[in-house]
Amino acid sequence: MSSKKVRIALALCAVLLAGSARAERIRHHFDSDSAGRPPGFFDAVVWGSPGEADWKVLGDTNPPSTPNKLLQTLDNRPLGSIAVALRRSYVFQDGTVSVALRRGAGLAGIVLRAAGEKDFLVLFLDVASGDARLSSYRGGKATELAHGKAEIDQEWGKLVVSASGPQVSARWNDKPLLTATDPHPASGRVGLATTGPGTASFDEFIFEPAPAR
C-alpha cells in the first residue's frame, strides 16, 4: 500500500474513533471516589455572581448507587452564583443527560452545552417544591426557555434532559417535565450545578452524546 493510501486509511480510522468516543455512554456513580474528597474527572467552577462552593463525595444511607453520593456542601450560597462541577475531557451538543437528585432544600440540576462561563444551558429543579426552570445564558445574560413542575414524592428522583438541535426536553421520574427551543444550539461541556442557599445531593450522573452524523 502506498504511503498516501496509508495516510488516508489512518485519517479515516481517526474520524471513526472520534465518532465512537463522542457516542460513548459515560456514567459516574461516585463509588470509586474517596469519601470526603472532590470527585475525580470533574472541574469545579463558579459562574455568575461571586460565591464559594465545596464539592465532596460522601457516604449516604440509601443513594441510588451505594455507598456514595456527590454533595455541594455549602448551604448559604447566594442566589445567582452557580456552582458547577464540569465533566472533564468531553464535549456535548446532542444526546441525553441524567442525574439522580435527593429531596431537600435548594436548587440543583444539569448544565449542558457549556461553551464557557457566559454561554450554557442550565436546568434547575427546586428539590423541595418541584419547580423546574430551563435557562439559556448567552454573553452572561439569562433567558428562561421553559418551566415545569415535578412531583417530589420520593427520597431520590431522576432528572433527564434530552437535546437534539434546537429541541430540548426534560423528564422527572419518567414523566414529562418541560420542552423548549434552544435558539443557539452549540457544543460544550456537561456537568452538575446548584445555586442559592441549601445543599444539593447528586448520584448516578450519566450522559450519552448522540452518534456523530
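On a 1 Å grid over the protein atoms alone, a cavity is a set of points where a 1.4 Å probe fits but cannot get out, a pocket is an open set with protein on both sides within 12 Å along at least five of seven lines, and lining residues have an atom within 4 Å of a point. Grid points are joined across faces, edges and corners, and a volume is the space filled by probe spheres set on the points.

The model is predicted: local features need pLDDT of at least 70 and side-chain atom pairs pLDDT 80 or more, while totals for chains, interfaces and linings use all residues. Residues are numbered from 1 along each chain as its sequence is written, and side-chain values use heavy atoms, without hydrogens and water.

**Exercise 1.** Characterise the largest cavity by volume and lining.

*Solution.* Step 1: the structure holds one cavity of 30 Å³ or more, and the volume of the largest cavity is about 40 Å³. Step 2: its lining consists of Leu101, Arg102, Arg103, Val127, Ile152, Gln154, Glu155, Trp156, Gly157 and Trp172. Step 3: β6 (95-102) and β11 (156-164) each contribute at least two lining residues; strands are DSSP runs (E, at least two residues), numbered from the N terminus.

**Exercise 2.** Describe the largest pocket and identify the strand with the largest share of its lining.

*Solution.* Step 1: the largest pocket holds about 240 Å³ of space. Step 2: among its 15 lining residues, Leu107, Phe124, Arg133, Ser135 and Thr195 are the closest to the centre. Step 3: β9 provides the largest share of the lining, four residues.

**Exercise 3.** Determine which residues touch the most other members of the largest nonpolar core.

*Solution.* Step 1: a nonpolar core is a set of buried Ala, Val, Leu, Ile, Met, Phe, Trp, Tyr and Cys residues joined through side-chain atoms within 4.5 Å; buried means under 20% relative accessible area, exposed over 50% and partly exposed in between (1.4 Å probe, protein chains only). Step 2: in this core of 40 residues, the answer is Leu101, Phe202 and Phe205. Step 3: strand β15 (residues 200-209) supplies the largest share, four residues.

**Exercise 4.** Is Glu204 buried or exposed, and with which side chain does its own side chain make a polar contact?

*Solution.* Step 1: Glu204 lies in strand β15. Step 2: Glu204 counts as buried because its relative accessibility is 17%. Step 3: its side chain makes a polar contact with the side chain of Arg27 at 2.7 Å; such a contact is a pair of N or O atoms within 3.5 Å, where, within protein, one must be able to donate a hydrogen and the other to accept it, and residues adjacent in sequence count only if both atoms are side-chain atoms.
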